Amino acid sequence: MAKQRILLQLDSDPQPSVFDAVVAVDAGVEHLLARCGVTVESVRDLVHGAMFTRGPDDLRQTAIFIGGSDVAKGEALLAEIRATFFGPLRVSVMLDSNGANTTAAAAVIAAEKHVRLADAAALVLGGTGPVGERVARLLAREGANVRVGSRSSQRAAAVCEKIAAAVSDAQLTPHATDTPAGIGNALEGVTIVISAGGAGVQLLSAAARTASQTIQVAVDLNAVPPVGLEGIDPQDRGTERDTAACYGAIGVGGTKMKIHKAALRRLFTTNDAILDAEEIFEIGRSL
Amino acid sequence: MAKQRILLQLDSDPQPSVFDAVVAVDAGVEHLLARCGVTVESVRDLVHGAMFTRGPDDLRQTAIFIGGSDVAKGEALLAEIRATFFGPLRVSVMLDSNGANTTAAAAVIAAEKHVRLADAAALVLGGTGPVGERVARLLAREGANVRVGSRSSQRAAAVCEKIAAAVSDAQLTPHATDTPAGIGNALEGVTIVISAGGAGVQLLSAAARTASQTIQVAVDLNAVPPVGLEGIDPQDRGTERDTAACYGAIGVGGTKMKIHKAALRRLFTTNDAILDAEEIFEIGRSL
Amino acid sequence: MAKQRILLQLDSDPQPSVFDAVVAVDAGVEHLLARCGVTVESVRDLVHGAMFTRGPDDLRQTAIFIGGSDVAKGEALLAEIRATFFGPLRVSVMLDSNGANTTAAAAVIAAEKHVRLADAAALVLGGTGPVGERVARLLAREGANVRVGSRSSQRAAAVCEKIAAAVSDAQLTPHATDTPAGIGNALEGVTIVISAGGAGVQLLSAAARTASQTIQVAVDLNAVPPVGLEGIDPQDRGTERDTAACYGAIGVGGTKMKIHKAALRRLFTTNDAILDAEEIFEIGRSL
C-alpha cells in the first residue's frame with residue numbers, strides 16, 4: 001500500500017498558521033502534523049522523526065514546510081534542518097515563512113509578463129524587508145539592473161552586498177527613497193517598480209509614479225490601505241494605469257496561491273528538494 | 001475535485017477538547033485543525049487563515065467550532081470572529097463551549113415532548129450559569145413563563161434582564177431558590193423544572209418535588225451525584241416518577257450528541273451560518 | 001458507516017513526537033489527535049473525551065498511545081488512565097515512552113532467535129534504565145537467569161527487587177559492572193548479553209566480550225558511537241562475531257518498528273487492551 005502524504009508544518013509562531021494548513025490540505029496533504037513555537041534548538045528531534053520512520057522508497061511521502069510570521073527564524077530553521085540531514089536520510093523542505101517566497105515569486109512573475117527581465121531596470125521599494133530582498137534577488141538573478149530602495153541607504157547597501165554575494169554578476173544599487181529627490185533619482189529609467197513595504201505605508205505617490213515616462217509594470221504587495229503605490233487598487237491584475245500594467249496585492253494573490261500549492265505538490269515527488277525563493281520562482285514560472 | 005471538509009477547532013483551554021475532536025470526526029470532518037489557548041487577541045489571525053484560503057464556492061467546506069470549558073470566553077471569541085468577517089468572506093461558526101448550547105437544546109427538547117412550551121410555566125434551577133441561562137432563553141423565546149432560580153436573587157434578576165433584552169415579550173421572573181420557602185414559591189404552578197446547576201450540588205429535594213401537583217416534566221443536567229433533582233436517576237429518559245416524566249444527564253446525553261453532530265454537519269452546507277443556542281435548538285428540533 | 005480509527009497521542013514532552021505520529025499514520029490511524037505537555041493532572045479530561053464520545057460497539061475505534069522521552073512520566077500517565085476508566089467505558093492503551101517497550105521487546109526477540117530463554121543466563125548492562133529494566137523483566141518472565149548490571153550495585157538491587165515483586169519465581173542477581181573484576185564476574189557463564197545503557201557510553205570492551213567462552217548472542221541498543229558493546233556495529237543483524245550472533249541498534253530497529261506498528265493495529269481490535277512491555281513482547285513474538 002502506498003504511504004500517505006505527511007506534511008510536517010514547522011511554525012515559529014505560538015499558533016501554527018491556519019492559512020498554511022488549509023493550503024496544505026488543498027494541495028493533497030493527507031496528514032498534517034503541525035508544530036508551533038519551533039526553535040533552532042527544538043527542530044532537530046522533530047526532523048529526526050521525519051527522517052527515521054519510513055524506508056528509502058517512501059521518504060518522498062514525508063515532507064517539511066517551514067512557516068510562521070518571522071522570515072529570519074524560518075531561514076534559521078531551514079539551515080538547521082539541512083544540517084540535520086545526512087546522506088540519503090532526508091525529506092523535501094519548503095520555506096515560506098510569512099508567505100515571503102511565494103509572494104516574491106508571484107510579484108516577479110507578474111512583472112515578467114510585461115518586461116523582459118534581463119533588459120529591465122527595476123526599483124524594489126521596501127527592498128530591505130524579507131519579501132523585498134527576495135524580489136530583488138530573483139530580479140538580479142535574471143539579469144535585471146536592480147535598485148534596492150529603503151529609508152536607510154545603509155540598510156539598502158547591506159542588502160545589495162548580501163545579494164551580490166549570492167548571485168554572480170548581479171547589478172545592484174542601493175537607494176535612499178524617503179525623499180522626493182531620492183525617489184526621483186531611483187525611478188530614472190526604471191521599467192519595473194515593485195513595492196514590498198509594510199502594511200499601510202505609502203512608499204510612492206501617484207504623482208511621482210505618473211511623472212515617470214518609463215514604468216511599464218507596477219506591482220504593489222500591500223493589501224492594507226493606504227497601499228504602497230498610490231493609485232494602485234489591491235484588486236488590480238494587469239490593469240492599465242497611465243501606460244503601466246498594474247498589479248495589487250489581491251491581484252497577485254491568485255498566482256501566489258497557485259505557486260504555493262504547486263510547490264507543496266512538488267515536495268512529494270522526491271525526498272531531497274529544498275524549495276527556497278529561487279526554486280519556488282521556477283515552479284511558479286512553469287505553471 | 002471537491003475540497004475536503006476542514007474544521008478549525010478553537011479552544012480557550014490549555015488543551016483542545018478531545019471530546020469535541022472525536023465528535024467532529026464522527027460528524028464527517030476530514031481535517032481537524034485544533035488550536036488551544038485561543039484568546040480574543042489571537043483569534044483574528046486564525047480566522048483570516050480560514051477566510052482567505054479558499055474561493056467563494058469552496059468556503060462552505062471550511063468551518064469553525066468554538067469550544068473549551070469557559071462559556072464566557074467562547075462568547076467573546078464568537079463576537080470577535082463575527083467582527084473579523086467582512087462581506088461574503090466568512091465561514092460558518094458553531095459555539096458550544098462546555099457543551100452549553102447542545103445541552104440546553106437537548107433539555108428543552110426533552111421538556112417539549114411532554115408539555116406545550118407556549119403554555120408552560122417553567123422553573124430553571126441554576127438559572128444563572130451558562131447552561132441555565134440558555135435554557136431560560138430558549139424557553140422564553142417559545143413563550144413559556146420562565147422562572148430563573150438562583151441562590152442570589154440579584155444574579156437571577158440580572159439574567160432575566162439580559163434575556164428580556166434579547167427576546168421580545170419574554171415572560172421572566174427571578175427567584176431566590178436557596179430556602180424551602182423560596183423554592184416553594186418558585187415551584188407554584190410550574191409544569192417544567194430543569195436543573196442546570198454545578199456538578200454534585202442538589203438544588204431540589206425529592207419531598208419538595210413530589211409535593212408539587214403540577215410538574216409534568218423534570219430534567220436534571222448533572223451526571224455527578226448528588227444530582228440536582230433528588231430522586232432523578234442520571235439514566236432517566238422519560239421515566240415516569242410521581243406523575244412526572246423524568247430525564248437525567250445521561251438520559252438527555254444521546255439527544256445532545258445527535259444535536260452536536262447535526263449542527264456540525266449543518267456548518268458545511270453554507271459559509272455564513274452562526275450557530276448559537278437558538279440555531280442549535282432549531283437543528284435539534286428538526287431531527 | 002464504520003467509525004474512523006482515532007488515536008489519541010498523549011506526549012509528556014513540550015512537542016508531540018513526530019516519530020510516533022508518522023508510525024501511527026503508517027499503522028492505519030485515520031485521525032491522530034496529538035496532545036503535548038500531558039501531565040497526570042491534565043490527562044483525566046483528555047481520557048474522558050475518548051471514553052464518552054462513542055457507543056460501546058465503536059469504542060474499539062478509539063485508542064490511546066502514551067509517548068514522550070520520559071518513561072517514568074509515561075508510566076504515571078498509564079496508571080492515571082487505568083484509574084480513569086470504569087466498567088466497559090474504556091479504550092485500548094499502548095505505552096511506549098522513549099520507545100522503551102518496543103525496543104526491549106525487539107532486543108529479547110533477537111536474543112530468543114539464538115538461545116532458549118528458559119535455559120539462558122543473561123547479563124543486562126545498563127539494567128537500571130527504563131529499557132534495561134524492561135529487558136530484564138521480559139527475560140526473567142521467560143525463566144532466564146538474569147543479571148542486572150549497573151555502575152551502582154544498590155540501584156541494580158533495587159531493580160531486581162522491583163522485578164521480583166512483579167514476576168513470580170524470577171531469578172535475578174544485581175551486579176556492579178563498572179570495574180573489570182565486576183564485569184568479569186557478571187559475565188561468567190552468560191549466554192546472552194544485552195546492553196541498554198545511555199547513548200555514547202561503552203559498557204563492555206571487545207576484549208572482555210571475546211574473552212567469554214559462553215556468549216552466544218550480543219545485542220547493543222545504542223546507535224550513537226561509541227556503542228555500548230565495543231566491536232558491535234549498529235548495523236549488525238545476527239552478524240557472527242567471535243562465535244556470537246551480534247545485533248546493533250539499527251539492526252534491531254527494523255523489528256522494533258514492525259512491533260510498534262503491529263501493537264498499534266492491535267489497539268483497534270478491542271477496547272480493553274493495555275499494552276505494556278509484556279503484551280508488546282508477545283505481539284512481537286507472534287509476528
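Let me begin inside chain B, where B:R209, B:T210, B:S212, B:I215, B:A218, B:R241, B:D242, B:T243 and B:A244 line the largest cavity. Please keep in mind that this is a predicted model. The largest cavity holds about 60 Å³ of space, and the residues of its lining divide into 3 nonpolar, 3 polar and 3 charged.

By class, the lining of the second largest cavity has 4 nonpolar, 2 polar and 2 charged residues.

I turn now to the contact between chain A and chain C, which takes 16 residues from chain A and 14 residues from chain C. The area buried between these two chains is about 1,200 Å², of which carbon and sulfur atoms give 66%. On the side of chain A, the residues that lose the most area to chain C are A:H31, A:R35 and A:T53, which together account for 41% of what that side buries.

How many salt bridges are there between chain A and chain C? The count is 1, and in a salt bridge between C:D26 and A:R54 the closest N and O atoms are 2.7 Å apart. On the side of chain A that touches chain C, the elements that give two or more residues are strand 1 (6-11), strand 2 (31-35) and helix 2 (43-51) of chain A, and the residues of that side divide into 8 nonpolar, 5 polar and 3 charged.

Notes
Residues numbered from 1 in each chain as written. Chains lettered and ligands numbered in written order. Predicted model: local features only at pLDDT ≥ 70, side-chain atom pairs only at ≥ 80, totals over all residues. Heavy atoms only, no water. Contact = heavy atoms within 4.5 Å. Buried area = accessible area lost by both parts, 1.4 Å probe. Salt bridge = Lys/Arg side-chain N within 4 Å of Asp/Glu carboxyl O. Helix = DSSP H or I, 4+ residues; strand = E, 2+ residues; numbered from the N terminus. Nonpolar A, V, L, I, M, F, W, Y, C, P; charged D, E, K, R; others polar. 1 Å grid on protein atoms, 1.4 Å probe; cavity = no way out; pocket = protein on both sides within 12 Å on 5 of 7 lines; lining within 4 Å. Points joined across faces, edges and corners; volume = space filled by probe spheres on them.
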